[in-house]
Amino acid sequence: MSDSALRIKLFKTMVLARTLDDRMAKLKAQGEVAGSAFLGRGQEAFSGAAGIRLRPGDVFAPLIRDQAGRLAFGESLLDVTRTVLGRRTGPMRGRDGNVHRGDWPAGRLPMISHLGAMVGTVVGTLLARRIAGRQQAGDLNVGVAAIGDGGMNTGALHEALNAAAVERLPLILLVADNQYAYSTSTDRTFACKHLVERAVGYGMAGHRCDGTDADACLDTVGEAIAAARAGKGPQMVVADLLRLAGHGTHDDASYVAEDVKSRFGDCLQLHERTLTQQGILDVAAIAAMRDEARTQVEAAVEQARAEPQPDPAAEEWMARSERDLVNLRAP
Ligand SMILES: Cc1ncc(C[n+]2csc(CCOP(=O)(O)OP(=O)(O)O)c2C)c(N)n1
Ligand SMILES: [Mg+2]
């Protein structure tokens, strides 16, 4: 079992991610967000555990439900609110309204697609680091790529996993089996008993955990990341969970079957219960965390609101981290 400080850190991250997601959904309902808002409700434990187990120098390719992992791996609240509200001060300078944000120098890769494209990007990054001699044997920088049950069936993912296994790269594939790909349930997307069975076929280690149990996520993801760091090659971690929202705010998730709902709890409520029952946090401490999260999120919303949107005619349209890289290369 991880130490109390880490378990509390994960809880705090989950509270902040949930508060932020809820606020983004509200902004969408208020008509302040172009496009949809995508929420990670119910997936915060698994995603946050990965972000917490990473360290500077690692790379993380999050997907649309990974607000918790993003925050734990250093994304600021302002990066989120500026992006969602389309401000030119945001990491993508207002070009992207929601999920395609990132920061290359910080190791947070901007998402190309939810459906497998990012795994090859992480694999390429890890291979490049090895070739450039930027890895220290036995203590490797790792790359985490997130994927869903639907994304597990794309060609790009298969090619990338095969390459990672052949090259024994320190890749961790974080598979959130949330029972649906949009409205398609998993009995229509794969025929094996459990997705972790596929790890054997790729020649990589496989782990599974209950994605609603924050402690299990911290432990299992921690073990997988430690194994990759030690040079044991790519690791697949499959979490069983349920997204407690629609695909995006445009989707009411009315297709989620009642028996599926009854099988999965809310990771945030469950972690809160465990930590209070074990006397690690009390009700007052939790209320204070929630208040703090609300205050921080509100401040980030207000600051982004006060900032300018891009001027399409005048904007240079270069992502912020892209410009940082250009400046780094300049003589
Ligand atoms: C090639 C392609 N086809 C379809 C889509 C639309 N699309 C985006 S996410 C998604 C479902 C993804 O399901 P899953 O991988 O299970 O992730 P989840 O949304 O459940 O987190 C679909 C169909 C897309 N982005 N790209
Ligand atoms: Mg899914």
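**Ligand shell, sheet and helix packing**

The shell around ligand 1 is made up of four nonpolar, seven polar and three charged residues. The structure described here is a predicted model. In total, 14 residues surround ligand 1. His-114, Gly-148, Gly-150, Gly-151 and Ala-181 are the closest of them.

The strands considered next form an open sheet. This sheet has five strands in the order E1-E2-E3-E7-E6, and their pairing is parallel. Strand E1 (59-61) and strand E6 (205-210) lie at the edges, each pairing on one side only. From one strand to the next, the twist averages 20°. E1 runs parallel to strand E2 (residues 143-148), and three bridges join the two. Within this pair, Ala-61 stands opposite Ala-145 in E2.

Two helices that pack on the sheet can be described in turn. Helix H2 (residues 44-53) touches E1, E2, strand E3 (171-177) and strand E7 (235-240). The direction of H2 makes about 165° with that of E3. Helix H8 (residues 214-229) also packs on the sheet, where it touches E3, E6 and E7. The direction of H8 makes about 165° with that of E6.

The packing of helices against one another was examined next. Two packed helices are described by the angle between their axes and the distance between the axes. For helix H1 (residues 4-29) and H8, the angle is about 115° and the axes are 10 Å apart. H1 and H8 are therefore roughly perpendicular to each other, since angles of 65 to 115 degrees count as such. H1 passes H8 in a right-handed crossing. On the H1 side, the contact involves Leu-6, Arg-7, Leu-10 and Phe-11, which meet Ala-214, Asp-215 and Leu-218 in H8. Sorted by class, the residues of this contact between H1 and H8 are five nonpolar, no polar and two charged.

H1 also packs with helix H11 (residues 283-305). The angle between H1 and H11 is about 45°, with the axes 9 Å apart. H1 and H11 are therefore oblique to each other. Their crossing is right-handed. Residues Lys-12, Val-15, Leu-16, Thr-19, Leu-20 and Arg-23 in H1 meet Met-289, Arg-290, Ala-293, Arg-294, Val-297 and Val-301 in H11. The contact of H1 with H11 has seven nonpolar residues, one polar residue and four charged residues.

A further packing pair consists of helix H4 (residues 77-84) and H11. The axes of H4 and H11 come within 9 Å and cross at roughly 45°. This angle makes H4 oblique to H11. The crossing in which H4 passes H11 is right-handed. In H4, the residues in contact are Leu-77, Leu-78, Thr-81 and Arg-82. In H11, their partners are Gln-296, Val-297, Ala-300, Val-301, Gln-303 and Ala-304. By class, six nonpolar, three polar and one charged residues make up the contact of H4 with H11.

Definitions and conventions. Residues are numbered from 1 along each chain as its sequence is written. Chains are lettered from A and ligands numbered from 1 in the order in which they are written. This is a predicted model: local features need pLDDT of at least 70, side-chain atom pairs count only at pLDDT 80 or more; totals for chains, interfaces and linings use all residues. A residue is near a molecule or strand if its C-beta atom, placed from the backbone, lies within 6 Å of it. Ala, Val, Leu, Ile, Met, Phe, Trp, Tyr, Cys and Pro count as nonpolar, Asp, Glu, Lys and Arg as charged, and the others, Gly among them, as polar. Axes are lines fitted to C-alpha atoms, for helices over the stretch in contact, and angles run from 0 to 180 degrees between N-to-C directions. Helices (H or I, at least four residues) and strands (E, at least two) are DSSP runs, numbered from the N terminus. Angles under 35 degrees count as roughly parallel, over 145 as roughly antiparallel, 65 to 115 as roughly perpendicular and the rest as oblique. A crossing is left-handed if the near helix is turned anticlockwise from the far one by less than a right angle, and right-handed if clockwise. Two residues are in contact if their C-beta atoms, placed from the backbone, lie within 7 Å. Two strands pair if DSSP finds at least two bridges between them.
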